[in-house]
Every structure is written in C-alpha cells, then in structure tokens.
Amino acid sequence: MLVDFEVIKRAQTGDSAAFNEVVLAYRKRVLGTIARSIARPEDVEDVAQEVFLRLYFSLEQLRTPEVFEPWLYRLTVNAAYDYLRKQRRRMEFRMSDLSEQQVIMADAVAGGKIERDVQYHKKIRESVDSLLGAVSEADRILLMLKEVDGLSLKELEKIYKVNENALKVRLFRARQRVLKAFGAASKGKSPDNAG
Amino acid sequence: MRGSDEERLDALFRAFRDCPTPEPSVNFMPTLWARIESRQRFSFSFRRMAGAFVTAALALSVALGIYLAIPQSNQAYYSQTYIEATANSNLNTADIVGPVLSDLSDPGR
C-alpha cells in the first residue's frame with residue numbers, strides 16, 4: 001500500500017486533503033498502467049483523471065480499505081477499456097489527430113540522442129499497439145497487466161473477480177493471437193529492428 | 001521458429017515496459033479538481049431538478065385528489081331506474097316485435 005488505511009478512510013468521509021494524498025501517491029502507477037494499456041501518450045493524462053474522478057465519486061462504496069489497490073486497478077482497467085472502445089469508434093478521426101500529434105512531437109524534440117530515444121520508444125509503442133490490435137480491448141488490457149505490468153494471477157484474480165483457471169485460458173488465447181500477429185508482422189518487417 | 005517468436009515477443013514486451021511513463025503535468029491536480037467540481041455541480045442541479053419535479057407531481061396529485069373529492073354542483077342526478085328510463089324513451093316508438101299468434105291451422109299465414 002502506498003498510503004495508510006487511515007488516509008483512505010479519511011478520503012472516504014470527504015476529506016479533500018486525504019483524497020489529494022491518495023491521488024499523489026497513486027497517480028504515477030495509474031499513469032503507467034494506462035500508458036501501457038492504451039499506448040497513446042497524448043491521452044494518458046485525460047484517462048488517468050477519469051480514473052480519479054470515478055474514484056472520488058465511488059470511494060464511499062469501498063467497504064474495506066484493504067481491497068483498495070485491486071479496486072483502483074479495476075477502475076483503471078475499466079477506464080482504459082472505455083477509452084479503447086471509444087477509440088475504435090473514432091478510428092478515422094484519430095488517424096488524422098495522430099499524424100498531427102506526431103508532427104508536433106517531432107517538432108518539439110530537440111537534440112539527436114533525445115530524438116533517437118523518443119523515436120525508438122514511439123516505435124516500440126506503435127509496434128505493441130499494432131500487435132495488440134489482434135485481440136479484444138478487454139484481453140489487451142489483461143495481457144498488458146500480466147506481461148508488462150507483471151501482475152501475478154492471484155492479483156489479477158482479485159481485480160477481475162474471475163477464477164485463476166479462466167484467467168489462464170484467456171491469457172493463453174490472447175497471447176497466442178498476439179504471437180500469430182507477431183509472426184505475420186515479422187515476415188514483413190522485424191519489430192526488433194524498428195528502433 | 002515458434003520459440004524464437006516467443007522470445008522476441010517477450011523482448012518486445014520488456015522494451016515496452018522500459019518505455020518511460022508519462023509524467024503528470026503541473027495541471028494534473030487543478031484539472032482533476034475542476035472536473036470533480038463540474039460533475040458535482042451537474043449532479044447537484046440534476047438533483048434539484050428532480051426534487052422540483054417530484055414536488056410538482058405531489059402538488060398536482062393532491063390538487064387532483066381534492067378536486068375529485070368535492071361533490072360537483074352541476075352533476076346530473078337521475079331519479080328513475082334504468083328500466084323506467086328505457087321504457088320512457090321507447091314510448092313513442094312502434095313495437096318492433098308484434099303479438100305472437102297461436103293459431104297454427106293456416107300455414108300460409
């Protein structure tokens with residue numbers, strides 16, 4: 001736990017300072033999970049704020065502060081999932097937005113090494129984003145939590161409230177689909193050579 | 001081939017994990033609180049609207065109840081029974097059904 005149970009209890013009673021403390025403690029983690037789930041840096045902060053907004057209005061429903069972290073993960077997963085679903089609907093518009101964003105990012109970057117690093121990370125993100133297009137939004141987030149965030153099956157069980165075996169099956173199928181897409185993409189162009 | 005794909009995919013995921021996490025901007029907290037307040041205002045005005053609607057519906061129900069409970073002065077009362085009223089309305093009309101004839105000797109009639 002990044003904050004004491006006492007702080008969460010105070011935040012539940014409407015204490016703004018305690019809520020601020022919770023946000024400051026968890027925002028980096030939430031931003032990281034969202035960044036890896038949606039792979040669009042320009043929207044990460046907006047989705048993270050949505051998570052904390054939902055947290056603020058539903059905090060009083062939390063019965064025990066002990067389950068706060070899996071609960072916050074669930075809120076994060078749901079917000080990322082909602083974003084990805086909307087994203088799919090707005091795909092055509094997003095493509096033009098993205099190209100504009102890329103131009104802005106390219107303009108903003110100064111210096112050779114920084115530029116190379118930024119370009120490398122951008123390509124990694126794009127490769128992962130494109131590979132994860134092979135699975136549903138829900139499986140994409142699940143796969144990210146397991147493979148990239150490194151959550152255990154026990155932790156995922158608490159977040160999803162689904163038994164471990166069902167999660168294993170979902171993860172296996174999702175990974176197989178991604179692997180298949182990866183194999184197909186490798187035939188054209190190796191993602192390892194992307195950077 | 002499959003094994004090498006697995007390893008390369010794991011390597012890609014590792015590289016993805018090492019990508020820097022975006023730092024929260026300086027406006028993160030002010031924007032969050034502005035969004036919270038905006039949502040609160042919206043739900044407050046919605047609650048007020050819903051309250052006003054419920055009050056208006058209650059007042060209307062009470063008014064309707066009172067209106068129905070008060071006997072109306074211009075209400076028409078009928079002193080006759082249904083049979084009497086029917087009989088009176090048929091006084092001037094010709095009998096549709098004539099008297100029954102019991103003479104069966106002439107089948108032509």
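This is a predicted model: local features need pLDDT of at least 70, side-chain atom pairs count only at pLDDT 80 or more; totals for chains, interfaces and linings use all residues.

How many residues does the contact take from chain A, and how many from chain B? The contact takes 42 residues from chain A and 29 residues from chain B.

Let me continue with the interface. The size of an interface is often given as the accessible area lost when the parts come together. Here, chain A and chain B bury about 3700 Å² between them, and 64% of that area is on carbon and sulfur atoms.

One of the salt bridges in the model joins the side chains of Glu50(A) and Arg35(B), at 3.1 Å from N to O. The interface of chain A and chain B also has 13 residue pairs in polar contact, with both residues at pLDDT 80 or more.

Which helices of chain A each supply at least two residues of the side that touches chain B? They are helix H2 (16-38), helix H3 (41-58), helix H6 (112-131), helix H7 (137-148) and helix H9 (164-188). The largest share of that side, 11 residues, comes from H2(A). By residue class, the side of chain A that touches chain B divides into 22 nonpolar, 10 polar and 10 charged residues.

On the partner, I shall be brief. Chain B has three helices and zero strands, and its elements run α-α-α from the N terminus on. Of the 109 residues in chain B, buried residues make up 12%.

I turn now to the aromatic residues. Over all chains, the structure holds six aromatic pairs. How are the rings of Phe19(A) and Tyr56(A) arranged? Their centres lie 5.0 Å apart and their planes stand at 80°, so the pair is edge-to-face; the cut-off for that class is over 60 degrees. Phe19(A) lies in helix H2 of chain A and Tyr56(A) in helix H3 of chain A, so this pair ties together parts that are 37 residues apart in sequence. Phe19(A) has 1% relative accessibility and counts as buried, whereas Tyr56(A), at 21%, counts as partly exposed. The cut-off for buried is under 20%.

A further edge-to-face pair is formed by Tyr26(A) and Phe68(A), with 5.3 Å centre to centre and 65° between the planes. This pair links distant parts of the chain: Tyr26(A) is in helix H2 of chain A and Phe68(A) in helix H4 (residues 68-89) of chain A, 42 residues apart. Tyr26(A) is buried, with a relative accessible area of 1%, and Phe68(A) is buried as well, at 0%.

Ring pairs also link residues of both chains: Phe19(A), Tyr56(A), Phe57(A) and Trp33(B) form a cluster.

Is Thr33(A) buried or exposed? With a relative accessible area of 5%, Thr33(A) is buried. Not counting residues up to four places away in sequence, Thr33(A) touches Tyr73(A), Thr76(A), Leu145(A) and Asp149(A). With Asp149(A), the side chain of Thr33(A) makes a polar contact of 3.2 Å.

Thank you for your attention.

How values were computed. Residues are numbered from 1 along each chain as its sequence is written. Chains are lettered from A and ligands numbered from 1 in the order in which they are written. Side-chain values use heavy atoms; hydrogens and water are left out. Contact means heavy atoms within 4.5 Å. Buried area is the accessible area (1.4 Å probe) that two parts lose on being put together, summed over both. A salt bridge is a side-chain nitrogen of Lys or Arg within 4 Å of a carboxyl oxygen of Asp or Glu. A polar contact is a pair of N or O atoms within 3.5 Å; within protein, one must be able to donate a hydrogen and the other to accept it, and residues adjacent in sequence count only if both atoms are side-chain atoms. Helices (H or I, at least four residues) and strands (E, at least two) are DSSP runs, numbered from the N terminus. Ala, Val, Leu, Ile, Met, Phe, Trp, Tyr, Cys and Pro count as nonpolar, Asp, Glu, Lys and Arg as charged, and the others, Gly among them, as polar. Rings of Phe, Tyr and Trp (its six-membered ring) pair if their centres lie within 6.5 Å; planes under 30 degrees apart count as stacked, over 60 as edge-to-face and the rest as tilted. Buried means under 20% relative accessible area, exposed over 50%, partly exposed in between (1.4 Å probe, protein chains only).
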